[in-house]
Every structure is written in C-alpha cells, then in structure tokens.
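Biologist: I am new to this structure. Could you show me how to read a few of its features?

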Amino acid sequence: MLSDPIADMLTRIRNGVQVYKESVDVPASKFKQQIASILVKEGFLKGMEQVEIDGKPFLRLTLKYGPRREKVIQHIQRVSRPGRRVYVTADNVPNVRRGLGLAIVSTSKGLLPDREARKLGVGGEVICEVW
C-alpha cells in the first residue's frame, strides 16, 4: 500500500524523464488526473490518456522533450506531504523560478497553477513544484 500516491506519480514522471522514456503509466485517480491535465496545459507533458491494464484504470502520461532531446521537466518535487502539509495564503503563493516554473496549488476553487491562484486571489495547499 502506498502512503503517498501523489509522490509516487511524481517519482514515476521524474524517473521516466531521466531515462528518456516516451510515456509512463500511473494508477488513476481524479486528483492525479487533474494534476496531469495542469502539466499538459502548462506544457510540461505532451499528453495524457486513460487506459486499462489488467482491469485497473491507469493514466498514460506522454513525456515531452525538446528538439534535441532536452528534458522539458528539469525538476519535479512534492512540497506538501502527508506528514508535513504546506499551506499558503493568497499573498504568499510561491513564484517558482521567477515564473519559469510552476507550483500546483489545491484551493477552494480546485487545483490551480500558481499564476491562476494569484490572479483569483486564493491560497491553499501547495502540492508540487515543477521546472
């Protein structure tokens, strides 16, 4: 049993990028699907599709690389963990790498990228950071 399925998803993405895999499979959940859709929308992943492996739902995340196989995801890490939750107010939403990176924040309006959370003026739990 996994104690932190979100950290497992991020680790699978990190490991897949390190060895230049085309895609990685992650056990599906609505929360993971929302995180993946934000990563696709922000340009860190090429695509996402729902597949079934041995009768269980999985998300197949297609990893993205540059024209000369440069890694688009240089760094991806979990910020708020089950043992140490990290909450921020609307004024303190992190600005990752001066706007070049992305922080995913769980707010009362759903999962949002850091730019949208600042624009809407909402804070919440910082899930992860990507650059």
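Modeller: We will go through a helix pair, then some charged side chains. Keep in mind that this is a predicted model.

Biologist: At what angle do α1 and α2 pack?

Modeller: Helix α1 (residues 5–18) and helix α2 (residues 30–41) pack at about 40 degrees. Their axes are 10 Å apart. The crossing of α1 past α2 is right-handed.

Biologist: Which residues make the contact?

Modeller: From α1, Pro5, Ile6, Met9 and Ile13. From α2, Phe31, Lys32, Ile35, Ala36 and Leu39. Eight of these contact residues are nonpolar, none is polar and one is charged.

Biologist: Now the charges. What is the general idea?

Modeller: Side chains of opposite charge can pair when their charged atoms come close. Here the count is nine salt bridges. One of them joins glutamate 116 and lysine 41, with the closest N and O atoms 3.1 Å apart. Glutamate 116 lies in helix α3 (residues 114–120) and lysine 41 in helix α2, so the pair ties together parts 75 residues apart in sequence.

Biologist: Is lysine 41 buried or exposed?

Modeller: Lysine 41 is exposed, at 55% relative accessibility. Glutamate 116, at 26%, is partly exposed.

Biologist: What does aspartate 114 pair with?

Modeller: Aspartate 114 forms a salt bridge with arginine 115, 3.9 Å from N to O. Arginine 118 forms another with aspartate 114, at 3.8 Å. Arginine 118 and aspartate 114 both lie in α3, four residues apart, about one turn of the helix. Shared partners join Glu42, Asp114, Arg115 and Arg118 into one network.

Biologist: Is aspartate 114 buried or exposed?

Modeller: Aspartate 114 is buried, because its relative accessible area is 0%, under the 20% cut-off.

Note on methods. Residues are numbered from 1 along each chain as its sequence is written. This is a predicted model: local features need pLDDT of at least 70, side-chain atom pairs count only at pLDDT 80 or more; totals for chains, interfaces and linings use all residues. Side-chain values use heavy atoms; hydrogens and water are left out. Axes are lines fitted to C-alpha atoms, for helices over the stretch in contact, and angles run from 0 to 180 degrees between N-to-C directions. Helices (H or I, at least four residues) and strands (E, at least two) are DSSP runs, numbered from the N terminus. A crossing is left-handed if the near helix is turned anticlockwise from the far one by less than a right angle, and right-handed if clockwise. Contact means heavy atoms within 4.5 Å. Ala, Val, Leu, Ile, Met, Phe, Trp, Tyr, Cys and Pro count as nonpolar, Asp, Glu, Lys and Arg as charged, and the others, Gly among them, as polar. A salt bridge is a side-chain nitrogen of Lys or Arg within 4 Å of a carboxyl oxygen of Asp or Glu. Buried means under 20% relative accessible area, exposed over 50%, partly exposed in between (1.4 Å probe, protein chains only).
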